[in-house]
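Hi everyone, thanks for coming along. Let's walk through one structure together, and please have it open while I talk.

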Amino acid sequence: MGELENIMELSKRRGFFWPSFSIYGGVAGLNDYGPLGSVLKDKVYGEWKNLYASIGGIEIDTPSVTPESVLKASGHVDRFIDLATACKACKNKFKVESLLSDKGVDMVPSGVEDAWKIMKELSVKCPRCGGELGEPFEFHLMFPIDSNGERFYLRPETAQGIFVNFKLLLNFNRGKLPMIVYQQGKGYRNEISPRQGLIRQKEFNMGEVEVFLDPAVNGYFKPETKEEMYLLDRDGREHHMSLPEAVNKNIILSEDHAYFLEKTMEFAIRIGIDSKRLRFRQHRKDELAHYSRDCWDLEFLMDGSWVEITGISDRGTFDLGNHQKFSGENLAFEGENLARVIEPASGIDRMVMAILISSYNKRENGYVNLKLLKNMAPYPVAVLPLQKKDGLSEKAREIFNEIKKIEPMAYYDESGTIGRRYARQDEIGTPYCITIDYETLEREVVTVRERDSMEQIKDIPYRDLLTHRPFISNPILKGSGSVKN
RNA sequence: GCGAGAAUAGUGUAGUGGUUAUCACAGGGGCUUCCCAAGCCCUUAACCCGGGUUCGAAUCCCGGUUCUCGCACCA
């Protein structure tokens, strides 16, 4: 069974995520987060916000429903709607633009009629079977919405909500650059063939950061980490070196860009993604998005292939320049100068997958423990009576109620045998189980059992567990969170 | 989207025209000499959807949906 399959099976069974609308047959590319996945996803967002807040970032929240004018300016309307045509014989579909370019005609037809006319003039045939092609039609990579005759789209990225607010945000920031703005939210892409669970979806969670820099100041942000990283440059050369060194050797072209690679790596590690499965890969010139001058992706290795989880793009002045031109508003930060933008954009759902895959461990006896970091586990602690009899159940509930006051996500379970309950918590990544036994009845002490080592710490006065935000930072409790980075 | 295969309890599966639809695990309840999914008893729970063929369909046919693998797509 592949890594992805293991996670999908566990996720569906234990409530991390599953396909949406399944009682109606399901829809490809849409997934629900279950009770555990919702908490995990929120914790990922939480760590992400903490990281960017800690370096001075500010948050914004803008709509998904976006007027066409905005996406016209950003280039998405032209780049995200293709004219397509289908072969009448073999049913394959093709982009009209690429068919014309095969004929040596480099132009984008202005509409369906224009395209149809040109296709007839050049007598374009199906490149697969030579068959006759049908009338072209619009193929939307964005989801269009019509409201009283006005056209909107669901946003393909959250970024535009930040760019269009640049003036208001800069005013909030009291005119100062650099300015770091971040937004969490859903993005939408009409994927032709969504696959692989949370990896390619039609609707997905994004965390996007737009860093606005004064282009006259280079190296406002500098990477510091000495840690060696795996870098793959646009010419396919592998490098194993620290980020400052990569800047010195001109592999990464700007210190500011490298700094946000550093922050991205820091974030991935902080949420428990295995650093041995991570690399940065620079986009080739021909794969850069229309708005991007340079881009490094953080990629995660799963089932033998690398999947993008964050793209750190240098968008230059593309977006502000276009919005200035299309809206007529002055978006310069001083005089004529436009801010330059670095954008670390993370796929939150992919990060959740990466966490689950990094944490998944099968023991020799065949049972699974999820080695989630303590700060990520949906249930930080479970309270388990050794058995139900002899007042253990009552005592356990009493202690559980106390613990609930400081840790609302504590979990209680008294069904079946104790071993089964430990196993159940291991599988969903709960780092600690507090066991209430006969000693507790006599001396108010409990046993704490650690998930990965299965070791027990005996004779802990349970009152001591109530004095800290206990199950994430209590010094009494060691171990756990054992994804090595 | 194309081509090929697949879809049966929560999960994994058996079942080639007539079965009370198999088994395991998981879930719930109980017993138990009770600290790692032990054992025993009881129990919940499924043929993807819609048409068709047939006396009779989980099983055969058609369409849809979803999944897997290849191709294409991934701004």
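Predicted model: local features only at pLDDT ≥ 70, side-chain atom pairs only at ≥ 80, totals over all residues.

Now for the whole chain. Chain A has 16 helices and 24 strands, and its C-alpha trace spans about 90 × 55 × 50 Å along the principal axes. Of its 485 residues, 40% are buried. Here is a number about the fold: among contacts with a separation of 6 or more, 64% are between residues 24 or more positions apart.

Next, find helix α12, residues 348–359. This helix has twelve residues, and from its first C-alpha to its last it reaches 16 Å, close to the 16 Å expected at 1.5 Å a residue. Is α12 largely enclosed or largely open? Twelve of its twelve residues are buried, so the rest of the structure largely encloses the helix. Among those buried residues are D349 and R350, along with I348 and M351.

Let's zoom in on a single residue, V70. You will find V70 in helix α3, residues 68–73. Why does V70 count as buried? A residue needs 20 or more other C-beta atoms within 10 Å of its own, and V70 counts as buried because it has 20 C-beta neighbours inside 10 Å. Leaving out residues up to four places away in sequence, V70 touches Q160 and V164.

On to the strands. Look for an open sheet of five strands with mixed pairing, in the order β21-β20-β22-β23-β24. At its edges stand β21, 411–412, and β24, 456–461; each has a single partner strand, so one side of each has no neighbour in the sheet. Strand β20, residues 381–385, runs parallel to β21, and two bridges join them. In that pairing, A382 stands opposite Y411.

Strand β8, residues 144–147, pairs with strand β9, residues 150–154, in the antiparallel sense over four bridges. P144 has Y153 in β9 as its bridge partner. Two residues lie between the strands of this hairpin, and N148 takes a positive phi near 50°.

Finally, the RNA. How many residues surround RNA strand B? There are 44, and the closest are G25, A28, G419, A423 and D437. The elements giving two or more residues to this surface are α1 (3–14), α14 (418–427) and β23 (445–450). The largest share comes from α14, with seven residues. By class, the surface near RNA strand B has 14 nonpolar, 14 polar and 16 charged residues.

Key. Residues numbered from 1 in each chain as written. Chains lettered and ligands numbered in written order. Expected span 1.5 Å × (residues − 1). Near = placed C-beta within 6 Å. Nonpolar A, V, L, I, M, F, W, Y, C, P; charged D, E, K, R; others polar. Contact = placed C-beta atoms within 7 Å. Pairing = 2+ DSSP bridges.
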